[in-house]
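Please guide me through this structure, one feature at a time.

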Amino acid sequence: MASQEHLDKMQLRQNYRNLWHTDLMNTIRADTPYCCFALWCAPCVSYLLRKRALYNDMSRYVCCAGYMPCSGRCGESKCPELCLATEVFCCFGNSVASTRFLLQDEFNIQTTQCDNCIIGFMFCLQQIACIFSIVAMIVGSDEIQEASQLLSCFADMVYCTVCACMQTQHKIEMDKRDGKFGPQPVMAVPPVQQMSRIDQPFPPSVGYQPQQAFGQPYGYPPPQAQGYPAAGYPPPAYPPSNYPPPGHPPSGYPK
């Protein structure tokens, strides 16, 4: 069930609309000193970036940002700093990927096709190096063993380089979030809705006769509706002219 939720989340990230401020190809040019720092001190950079992604609030820390089965089961609430340090040193790749997913889900950032190709190439190269090492161990050929070692070394170099670029990409995105690039354009404030005034004309009535703006003056009958006679107006004279009727009062009735 949890794996299905992660797959659904990964599928959802493909539909995000925003993009990284800098793609992986341009991170070295965008921030060369930090990229070198991320290359030589990768676990330290991963620690700093995760803490910064959590807005320096370590009470929000969860192992691997909640994207792994072990998340929330490692006693993070008791000592989050130690747990984060253990994560970045023992599970460095997961720590970088978790920070990346955390930023993507927070800012609706999708991964470009170029970034996907670079990350996919890194994983494929590691798999090929692993296969060559297994074949060299089974066959026992010195040539294949040497080729597998060279391929493993090349795969490690690519892995370290891509991770350094990814961490620099995360740092640049958080610089953008924290306003270190200057004020960012904001959404325009919608115009103030114009309130109705007493001097504005009333909207036309549909199917009904328009009514007066003020109450009917006292002592006057209401206006007659079209097609109907005035009911009860003017009032009849009192007493009526034919009162009393013939034969009333009866004879002998005291007056």
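The dialogue below moves from the overall fold to single residues and pairs.

Q: What kind of model is this, and how are its residues numbered?
A: It is a predicted model, in which local features need pLDDT of at least 70 and side-chain atom pairs count only at pLDDT 80 or more, while totals for chains, interfaces and linings use all residues. Residues are numbered from 1 along each chain as its sequence is written, and side-chain values use heavy atoms, with hydrogens and water left out.

Q: How many helices and strands does the protein chain have?
A: Helices (H or I, at least four residues) and strands (E, at least two) are DSSP runs, numbered from the N terminus. The protein chain has eight helices and zero strands. Read from the N terminus on, its elements run α-α-α-α-α-α-α-α.

Q: What share of the residues counts as buried?
A: Buried means under 20% relative accessible area, exposed means over 50%, and partly exposed lies in between (1.4 Å probe, protein chains only). Here 27% of the 255 residues of the protein chain count as buried. The accessible area itself comes from the Shrake-Rupley method with a 1.4 Å probe, and for residues only the protein chains shown count as cover. The protein chain exposes about 18,600 Å², of which carbon and sulfur atoms supply 63%.

Q: Which part of the chain does UniProt mark as a transmembrane region?
A: UniProt positions are given in the numbering used here, feature names are shortened, and annotations may be inferred rather than shown by experiment. The unreviewed UniProt entry places the feature "transmembrane region" at residues 118–139. In the model this span is 100% helix and 0% strand, and its end C-alpha atoms lie 32 Å apart.

Q: Which residues make the nonpolar surface patch?
A: Patches are made of residues with over 30% relative accessible area and no salt bridge; like charges are joined within 9 Å, and nonpolar side chains (Val, Leu, Ile, Met, Phe, Trp, Tyr) within 5 Å. I131, I134, V135, M137, I138 and V139 make a nonpolar patch of about 600 Å². One of these residues, I134, has its place in helix α7 (residues 113–139). I134 counts as partly exposed because its relative accessibility is 40%.

Q: How many salt bridges does the structure hold?
A: A salt bridge is a side-chain nitrogen of Lys or Arg within 4 Å of a carboxyl oxygen of Asp or Glu. The structure holds seven of them. In one, D31 pairs with K171, with the closest N and O atoms 2.7 Å apart. This pair links distant parts of the chain, 140 residues apart: D31 is in the loop between α2 and α3 (32–40), and K171 is in helix α8 (residues 142–177). Both D31 and K171 are buried.

Q: Which parts of the chain does the pair R50 and E87 tie together?
A: The side chains of R50 and E87 meet in a salt bridge at 2.9 Å, N to O. R50 lies in helix α4 (residues 42–53) and E87 in helix α5 (residues 80–90), so the pair ties together parts that are 37 residues apart in sequence. Both R50 and E87 are buried.

Q: Which residues are linked in a network of salt bridges?
A: The network links D31, R52, K171, D175, R177 and D178. Within it, R177 and D178 form a salt bridge whose closest N and O atoms are 2.9 Å apart. D178 is partly exposed, because its relative accessible area is 38%.

Q: What does W20 touch, apart from residues up to four places away in sequence?
A: Contact means heavy atoms within 4.5 Å. W20, in the loop between α1 (2–13) and α2 (27–30), touches R100, L103, Q104, I109, Q110, T111, D115, Q169, H170 and E173. W20 counts as buried because its relative accessibility is 7%. The C-alpha atoms of W20 and T111 are 7.5 Å apart in space, although the two are 91 residues apart in sequence.

Q: Is S98 buried or exposed?
A: S98, found in helix α6 (residues 92–107), counts as buried because its relative accessibility is 1%. The side chain of S98 reaches the backbone oxygen of C64 at 3.0 Å. Leaving aside neighbours within four places in sequence, S98 is in contact with R50, C64, A65 and Y67.

Note on methods:
A polar contact is a pair of N or O atoms within 3.5 Å; within protein, one must be able to donate a hydrogen and the other to accept it, and residues adjacent in sequence count only if both atoms are side-chain atoms.
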